[in-house]
Amino acid sequence: MKLVIVESPAKAKTISRFLGPDYKIAASFGHVRDLPASASEVPEKYRKEPWARLGVDVEHDFRPLYVVQKDSRKQLTELKKLCKEAEEVILATDEDREGESISWHLLEELKPKVPVHRIAFHEITREAVQEALANPREINDALVRAQETRRILDRLFGYELSPVLWRKVKSNLSAGRVQSVAVLLVVEREEERRAFKKAQYWDLEATLAAADREFMAELVTVDGLRVAQGKDFDPATGQLKNSGTEKVLWLDETAARQLAETLSDAACRWTVLRVEEKETRSRPNPPFTTSTLQQAASSAFGMSPQRTMRIAQQLYEGIDIGGGDREGLITYMRTDSVTLSERALRDASAVIRKMFSAEYHERRQYETRSKLAQEAHEAIRPTRFDRTPDRVAPYLEPDQLKLYQLIWTRAVASQMADAVLLKTTADIEARTNGQECVFRAQGTVIRFAGYLRLMDNLQKENLLPPLRRGMSSDNGELGVRGVQPEGHETQPPSRYTEASLVRQLEDAGIGRPSTYAPTVQVIQDRGYVERVGQALAPTYLGIAVTMLLRRHFPEYVNVQFTANMEDVLDEIANGRRDWISFLRLFYFGEDKKQLGLLPTIHSELKKIDYPSIPVGVDPNTGETIEVRLGRQTAYIRRGKGGEGNIAFLPPGLYYDELTVEKAIELLESQRQRGKELGKDPATGRTVLALEGRYGPYVQLGDSEKGEEVGNRISLPRGMALDDLTLDKALWLLSLPRVLGTHPEKGGDVVIHIGRFGPYVACNGENRSIPSGRDLFSFTLEDALALLAQPKRSAAKRLVRNLGAHPESGAQVDLYEGRYGPYVTDGTTNASLPKDLSVDNVTLEQAVELLRNAAAKPKKKSPRKAAARKRRAAG
């Protein structure tokens with residue numbers, strides 16, 4: 001028996017259809033070992049080593065400490081058993097660095113005593129698998145070293161810089177070589193938006209007619225001066241750029257309306273000055289790479305990169321397509337190459353000639369320009385071009401079909417002829433009272449559709465009527481239907497979407513196809529970035545962390561450094577760079593030439609203050625206004641803070657909108673939200689009723705009067721500030737309040753308001769007070785009756801069954817729980833977002849919520865976080 005090991009059961013299931021009974025196909029379920037994820041995973045004999053927390057022996061050639069992952073132990077035992085029965089072991093993991101690394105780790109753990117071979121294939125088809133078996137090779141040690149260096153580099157970067165954030169910002173934060181730069185890009189875009197100054201400009205649009213057909217023309221010049229457009233304004237000032245010798249005319253609303261009125265006069269003469277026809281060609285795009293597929297899927301279907309890659313993985317690993325056949329429908333989906341194999345070029349040609357004709361085919365071999373194209377040999381394409389979307393539609397889920405159609409169409413179109421377009425430009429003069437204005441009309445005619453025949457968004461023709469030089473309104477050949485002023489406003493640079501951020505990372509040379517989607521997801525999971533519609537906006541936490549890292553570690557948290565690291569990893573993969581000397585230089589530095597990460601952290605740590613985000617200066621007081629991070633949320637602080645100088649930021653107010661004026665408005669609004677109820681007779685201090693970030697509360701002491709601020713307590717749910725009297729406020733401020741002694745248990749019976757509302761307690765046992773009860777008249781007898789009731793578990797109520805999970809088959813249910821509505825498949829729970837109604841949630845939405853919840857890292861316990869901080873400090 002020959003044992004073939006792949007990563008996933010789905011891939012194993014597909015390959016098993018191609019091989020005979022002499023082969024046994026087994027899955028490793030991804031990586032079987034890695035660096036320790038926590039201190040508990042470090043073997044006992046290493047725990048006292050100074051490098052144990054890193055999982056890398058930095059003193060002895062950066063030797064990594066690998067441990068078998070808990071989830072992999074059972075499967076690894078099964079693979080070892082199969083190895084003993086096998087006459088040959090064939091490692092068939094993916095062809096990129098990650099796949100090469102998985103094969104190497106398997107070999108290190110299994111230690112088979114039979115021959116071992118490595119095979120790789122770009123598509124999971126019978127022909128590709130059989131060809132790979134006929135051409136086995138050895139494990140590529142250089143690729144393994146490059147992947148291992150990346151893993152160690154990222155571990156050192158994250159495990160050394162993250163504790164800095166724990167000490168200086170808050171616990172459970174993380175820094176990462178790629179993730180921190182991704183957040184940096186999002187933050188810098190937000191800063192550009194905040195610094196942007198809008199400008200208003202106007203132009204004119206004329207509705208003209210010739211040969212009984214209307215067409216539109218836009219004003220381009222007035223008396224020889226070009227009319228200003230959005231590109232002419234400086235985003236930093238909102239004023240016209242200094243364009244050198246060229247002068248432009250900036251029309252405001254008044255001037256535009258006056259000019260429109262003048263040109264609408266019957267005395268105005270309109271004449272065609274110039275008609276130019278030019279043939280242009282539109283070329284198809286190359287087939288997809290990982291990043292361009294993610295961008296296209298986002299634009300066309302609103303799919304996140306993570307969702308796109310999950311569906312692409314399914315199409316790659318194999319789909320049952322009827323008649324007992326199961327095959328991969330697309331080639332390997334983690335690639336930055338745009339080339340196609342010779343077989344693919346031939347197959348595409350045959351399909352195009354059959355669907356259209358020979359004139360629609362044009363053989364094209366695209367050249368990969370990205371310097372990063374190292375990981376795979378071919379673009380993403382269908383494994384068989386004759387397998388059209390219509391043919392496979394009955395066997396695919398809706399999202400699978402959408403993505404397959406996108407991939408198939410792009411790959412086929414890339415081998416089709418150019419579209420030939422005829423573009424017409426006509427300049428038309430309007431002259432009156434010695435003033436000369438020129439309008440421009442443009443039209444397009446498709447002469448030969450070429451690849452556009454295949455596209456859903458076939459370019460619409462914009463036909464102009466027959467025009468010739470000299471046509472005029474004087475003789476009726478040119479009609480004027482109206483002239484309308486049009487107002488415009490320059491727009492700040494758009495926020496990144498998930499797809500455009502992936503494109504920016506790729507353009508900057510950061511990351512690899514396998515890292516794009518996880519990076520975009522992790523910066524959201526960490527709370528550094530959040531989605532606003534389809535866009536990504538940095539949170540104040542993300543901005544504060546970025547500003548700290550940018551100020552104190554600029555050599556390590558910048559685009560160029562991260563891109564250079566990718567170049568070095570490529571050199572290691574190609575055998576041109578020694579990985580140990582590189583890690584030594586990165587971590588320890590080299591005397592005065594390069595400081596190194598560890599010495600830099602030791603040098604900067606004492607210089608780091610608690611991070612704040614600048615807003616500006618209050619023009620009335622001269623005090624600085626900044627954003628600071630609270631325990632639960634961000635808030636504005638003016639000067640040194642204190643009553644009237646602190647305001648919590650409302651949800652949805654992002655940094656680009658937080659001007660000095662807005663900050664002052666929030667501070668004043670917060671100051672006015674509340675009232676003075678009177679004096680506490682016991683202390684003489686003022687009792688205030690205030691509105692806070694988490695609702696109304698009462699406070700003892702007014703700092704603006706120089707009083708010490710004492711107890712604060714939230715109002716019970718349903719109680720408004722207007723309902724509060726001094727007596728009630730004093731009663732609340734006295735909480736926790738002893739109602740009396742329990743006649744049987746002997747302990748104090750206490751009433752208090754906690755995180756989940758009012759409750760009574762005695763000797764560590766508590767009961768929630770039902771909503772609607774009057775707390776102020778709650779007696780000891782009421783409390784005893786409540787405590788005598790059996791304690792209820794956190795209730796959950798089944799709202800409805802949503803159906804079977806399309807991947808696992810598990811039942812997906814919608815529940816109303818203690819903390820709100822949620823969906824579950826029995827393994828994973830996911831809360832419903834606030835904007836999704838219980839009445840409207842669908843199975844598809846529930847499945848997406850469960851996928852996102854399953855992908856999020858589990859939260860670490862506070863005790864473990866504290867232990868990590870102590871180790872980092874030591």
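Is Glu 123 buried or exposed? Glu 123 counts as buried, because its relative accessibility is 6%, under the 20% limit for that class. The model discussed here is predicted. The protein has 874 residues, of which 50% count as buried, and it contains 23 helices and 36 strands.

**Overall architecture**

- Taken along the principal axes, the box filled by the C-alpha atoms is roughly 105 × 90 × 65 Å.
- Among contacts between residues at least 6 apart in sequence, 65% join residues that are at least 24 apart.

- Side chains of opposite charge can pair when their charged atoms come close.
- The count of salt bridges in the model comes to 61.

- Glu 123 and Arg 343 meet through their side chains in a salt bridge, with an N to O distance of 2.6 Å.
- Arg 343 belongs to helix H10 (residues 342-355), while Glu 123 sits in the loop between strand E8 (116-118) and helix H4 (126-134), so the pair ties together parts that are 220 residues apart in sequence.
- Arg 343 counts as partly exposed because its relative accessibility is 32%, a value that falls between the 20% and 50% limits.
- The pair is part of a network of salt bridges that links Glu 123, Arg 343, Asp 347, Glu 378 and Arg 381.
- Glu 378, another member of this network, is placed in the loop between H10 and helix H11 (389-392).
- With a relative accessibility of 7%, Glu 378 counts as buried.
- Leaving aside residues up to four places away in sequence, Glu 378 touches His 122, Thr 335, Ser 337, Thr 339, Leu 340, Ser 341 and Ala 344.

**The Arg 97–Asp 570 pair**

- Asp 570 and Arg 97 form a salt bridge in which the closest N and O atoms are 2.4 Å apart.
- The two residues belong to distant parts of the chain: Asp 570 lies in helix H16 (residues 559-573) and Arg 97 in helix H3 (residues 97-110), 473 residues apart.
- Asp 570 counts as buried because its relative accessibility is 5%.
- Arg 97 is buried as well, its relative accessible area being 3%.

**The Arg 17–Asp 320 pair**

- A salt bridge also joins the side chains of Arg 17 and Asp 320, at 3.4 Å from N to O.
- This pair likewise links distant parts of the chain, 303 residues apart: Arg 17 is in the loop between helix H1 (9-16) and strand E2 (23-27), and Asp 320 is in strand E14 (residues 319-320).
- Arg 17 is partly exposed, with a relative accessible area of 33%.
- Asp 320 counts as partly exposed at 36% relative accessibility.

**Positive patch on the surface**

- Four lysines, Lys 80, Lys 84, Lys 111 and Lys 113, gather in a surface patch of positive charge.
- Lys 84 is placed in helix H2 (residues 73-85).
- Lys 84 counts as exposed because its relative accessibility is 75%, which is over the 50% limit for that class.

- Thr 207 is found in strand E9 (residues 200-210).
- The relative accessible area of Thr 207 is 18%, so this residue is buried.
- Apart from residues up to four places away in sequence, Thr 207 touches Glu 214, Phe 215, Met 216, Gly 479, Val 480, Arg 481 and Gly 482.
- Thr 621 occupies the loop between strand E21 (613-617) and strand E22 (624-629).
- Thr 621 is partly exposed, with 46% relative accessible area.
- Thr 621 and Arg 638 are 17 residues apart in sequence, and their C-alpha atoms are 9.5 Å apart in space.

Key:
Residues numbered from 1 in each chain as written. Predicted model: local features only at pLDDT ≥ 70, side-chain atom pairs only at ≥ 80, totals over all residues. Heavy atoms only, no water. Patch = residues over 30% accessible without salt bridge, like charges linked within 9 Å, V, L, I, M, F, W, Y side chains within 5 Å. Areas by Shrake-Rupley, 256 points an atom, 1.4 Å probe, with all protein chains shown as cover. Lys, Arg positive; Asp, Glu negative; His and termini not counted. Charge placed at Lys NZ, Arg CZ, Asp CG, Glu CD. Helix = DSSP H or I, 4+ residues; strand = E, 2+ residues; numbered from the N terminus. Buried < 20%, exposed > 50% of the residue type's maximum accessible area, 1.4 Å probe, protein only. Contact = heavy atoms within 4.5 Å.
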